Each structure stands twice: as structure tokens, then as C-alpha cells.
Amino acid sequence: MVWSNYKPESPPENLYNPYGLHHSHLTTRVYFPPTPTLSGTACLLMGIILAYMLYPSGETPSEMARVTAIAIGIAFLASVFFDGRKGLYNLFRTDLLCLIGIYGLTLAEFLFPQDDFNRIVEVMGTAHALDAVLLGITGLTLGRHLVTTKPIRSDRINLEISNATLFRTIVVCAFMGYLYMLISVQFNPLALIDGMLGPRFSEPWTRGRLGSWSSLLTELNLLCYAIPPLTGVIWNRRQFFSRVQILIVLAIFALVMFQGFSSGTRNIFIAYVATFLMGYLLTLRVNNFRNTILPILVAVFISLFASYHMLEFRTMGLRNYIVNQVYAGDTVRQTLAVDYNLVSLAPVIDAFPDKHPFLGFEIISWALIKPVPRAFWPGKPEGLSVSIEELTGAKGWTVATTYLGESYMMAGWLGVIGMSLLFGALAAWWNRMAIQGQSDYSLVVYALGFFAAGITMRSMFWLTTAILPVIALLVFRKFGFGR
């Protein structure tokens, strides 16, 4: 079947679920969710054990991290190979994104030379940080098997979302998401772009540290996360839209991607790339090298290219970076670096419990209340009683330790393994949501949950905030936008 023959009102068998058993003329369908294979999990566990045995042989911190990165990287590729034998769709899993996320945030940069790393962290601190990473990957790997993989039965056929609704939803998300920016520049589009080109935190729409009633509008920017996956769906249906509608959608998508890139915040930009890719891949009618493998390779290249340059210009701004040709100077890094999260992990592990008692439930409560606007709760705590910036000696900027550091602050090594098992199980549960609805709208919701899981690897405090766009789309559908 080719795309031109596809009709939304009569979807072909196994359109979104190559594992499902579809019975013609019946309203009951049986679906098998994408799941990790035991052989793939065994590969990962063997890689973790090998890394734990080999990394002490490194003479410098960067060599220790490099040995770990290579061992885990090879084991992960072998795991993906075994998982992929069940079909391409078996790789569109949230748990895989979590593993890729934590690997990318902590180890991937050490596949490249990192001489500066040796000057800012000691061997013992590196060992403790690597132990946390290996323990976390172990928990994620095992936790995804805690959720049952029994087939899901659906007693009704979910109708496809209409093309008009798709277009209406993406326009509403764009308008509401950028409303506070537009207000700050008096609805001047040129001033909007000019603000995006400036240094980080110098934009006209930058909110105060604690926020106010006016800052409530900034929270609507979370709706922009729905735009990339919606664009992916619309692109696959593009012959059902007018040329003007497609141009509007592409213009909105380009604005979102440009704003994400110019912000210098790599996790946001990569989230946009990933959710667009998920929305696009999950709604393809047929798969081949040109429409599946090639876009994946392009997305990986764009993510790596952007990650390198965004780190360089995020403080000076994209305009200065280009105009002054800083990218061609000697001050830029000559190797790919992410955040050196191992550097941040080391002092956190050193501080607890010798210098500070574990924070316990304070970590969980802060994660739960973080999305609550201060305008609704003036007495909302400003942060943790012991901040990560205080532990790492950072002044004037924020520091991320991934969820591993936050889990360790909560309950030590037990906190790391406990939260890793929980996130692995949650990721496996969300995989089941990929086939619950079997409609394009449901798959967009899945892609946003996919993004939420990925960004949680950077900080579990983002989980409760990142799921808000998912809730928004569900509300849109219930009250008329999704019909």
C-alpha cells in the first residue's frame, strides 16, 4: 500500500501495530505492546558488569569514563540489535529513550577526547560518579521488566482525528504558547526574532526568578512541545491539507525549532527533534530506507551538530556567535562535550551523608509542587534546603546532576536504584500507551509522554512539568479540539 491510497476512514490492517492481531469485521482487537527482549537485557547487564570491572584500570578520570562509555555503548547497540529483530516498531520505546538519555548525558561525550575533564575532577570522584551511572542504568534496564507485557484488548475502534482538528490544534498551541513572547514585543514579529538572537536570559520575555501573576502566561509555552509531533503527523497527511495550511504549519514548526536552537538549551531542542521524529515515524503508512532510516540519521546529525554549537553560543547569543565568527576562532571546543555531569555528580555523592543528611521526601515533594504557579501559592518553597549549586560551588548559573544525583540526595545508593527501577517501570507502562488508541492523536500524546520520560533523565523535577502538555492534549480532545 502506498500513501496516496490511504483513507483515514478505513485504515489498513496493522497500520500502527505490526504486532497486533486484527480480526476483520469485528470491533475487538488484540495488541501486543513493544517490549525489550531478554537477550537485549542480558547484553546490557553484561556490558554493565564489564564496565564495572574495567574502568578502574584507567589511569586518568577521562580514561575511566571512556572505558565505561565504550563498554556500555557496545552493549547497548547489541541490545538494540536483539530488540530490533522483533520489528522496527519495537524500537520506538520509552525505556530505550531513557537509556539513550542517561547515556548521552553522562557517558557519550567520553567517546571523544576530554582532556579538560582531568583538570576538574579527581579519580575517586569519577569512580563514585561512574558507580552511580552504572547503578542507574542497571535499575532502568531491570525496571522495564516489572510491568506485565500481556496483550491489550480494545473493544472499540478509535476514529482518526480529523485533518481540520489537527490544523486547529497546532494553531491554538502556537498562539497560546507564544502569546507571552508576543505581548512582550508588542506583537512585532521582527522584534520576536531579534529577541531570540540575543544572549541567554536577556530576552524581553524573560521572567523573574520567582514569577508573578503575569508569569502564568509563560507556562503556556509548554504547549509548544505539542507542535513538533503534530507537525510530523500533518506531514504524513499533507495531501489532505491545502497548500496554505501546509505553509502555515511549516512556518510554525520552523519558529519552534529556531527558538529551541537559539535558546541554547540543548535538552529542549533535542526534545523538539525527538518528538517530531516520533510523530512522523509512528504515523508512516509504509517503511523504507528513504522515509525511515534516512530521517533518523538526519535527526541524529542535527542533534549532534546543534549540541556542539549551542554550548558555545548560549551565553553570548546566536547573533554574536555568527556576526563575530566565534565558531571559527580558537576559543571554541575542539571536541564534542555535553555537560560533564560526572563532574557535578562527584561532589553530590561526596556531600551526602557525611556533610548533609539525605533529603528524603523533600525531593519528592519538590518534584510534585514544582508545576504549581507561585501566583496560586505565594508561600511556595524557593527550592531545596540544600541546592545542587551550593554543593558544586556554582555561582550565577544552574547545575544539573541528572536524576541520579537528585536520587542520591534523596536516599543515597538506595535512592538511585529505587528511582531507576521506578522510571524503568513507568517507561514500560507508557510503551503500552503507544497502542491504546491507535489513532494519530493518541500517538501524538504518546510522543509527548515519550519526551517527558527523556527530559526526566536530566532532572526528575521536570517530570511533573513535562507531562502538562500531555494533559492539555487530553483536555483538548475531551472538550472538542480533538474530535
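Author: Let's start with a definition: helices (H or I, at least four residues) and strands (E, at least two) are DSSP runs, numbered from the N terminus. The protein here has 19 helices and 2 strands. You're looking at a predicted model: local features need pLDDT of at least 70, side-chain atom pairs count only at pLDDT 80 or more, and totals for chains, interfaces and linings use all residues. Residues are numbered from 1 along each chain as its sequence is written, while side-chain values use heavy atoms, with hydrogens and water left out.

Reader: Okay. What percentage of the residues count as buried?

Author: Buried means under 20% relative accessible area, exposed means over 50%, and partly exposed is in between (1.4 Å probe, protein chains only). Of the 483 residues in the protein, 52% count as buried. The accessible surface comes to about 22300 Å², and carbon and sulfur atoms account for 66% of it.

Reader: How do I read a whole helix, then? Which residues of helix α6 are buried?

Author: Look at which way the buried residues point. In α6, residues 189-196, the buried ones are L192, G195 and M196. They sit on the same side of α6 because they cover an arc of only 100 degrees around the axis, where the arc is that of the directions from the helix axis to the C-beta atoms. Their cover includes α5 (163-184) and α9 (243-262).

Reader: Which residues, apart in sequence, come together in space?

Author: Among contacts between residues at least 6 apart in sequence, 78% join residues at least 24 apart. Take N90, in the loop between α2 (61-84) and α3 (94-106): N90 and P36 are 54 residues apart in sequence and 7.8 Å apart in space, C-alpha to C-alpha. N90 is buried, at a relative accessible area of 0%. Then there's R266, in helix α10, residues 266-282; R266 and M310 are 44 residues apart in sequence, with 6.7 Å between their C-alpha atoms. R266 counts as buried too, at 7% relative accessibility.

Reader: How many disulfides are there?

Author: A disulfide is a pair of cysteine sulfur atoms within 2.5 Å, and the count comes to 0. C173 shows how to check: the nearest cysteine sulfur, that of C224, is 7.9 Å away. C173 is buried, at 0% relative accessibility.

Reader: And how many aromatic pairs does a search of the whole structure find?

Author: Rings of Phe, Tyr and Trp (its six-membered ring) pair if their centres lie within 6.5 Å; planes under 30 degrees apart count as stacked, over 60 as edge-to-face and the rest as tilted. The search finds 18 pairs. The rings of F110 and F117 have centres 4.7 Å apart and planes at 75 degrees, so they count as edge-to-face. Both F110 and F117 are buried. Elsewhere, F261, F269, F313 and Y321 form one aromatic cluster.

Reader: What about the backbone: which peptide bond is cis?

Author: Most residues other than glycine have a negative phi, and most peptide bonds are trans. The bond from F352 to P353 is cis, with omega near -5 degrees, and P353 lies in the loop between α13 (341-351) and α14 (361-369). As for phi, Q186 has a positive value, near 55 degrees. Q186 is in the loop between α5 and α6 and counts as exposed, at 65% relative accessibility. T402 also has a positive phi, about 65 degrees, although it is not a glycine. T402 lies in helix α16, residues 402-433, and is buried, with a relative accessible area of 1%.

Methods:
Contact means heavy atoms within 4.5 Å. Accessible areas come from the Shrake-Rupley method with a 1.4 Å probe; for residues, only the protein chains shown count as cover.
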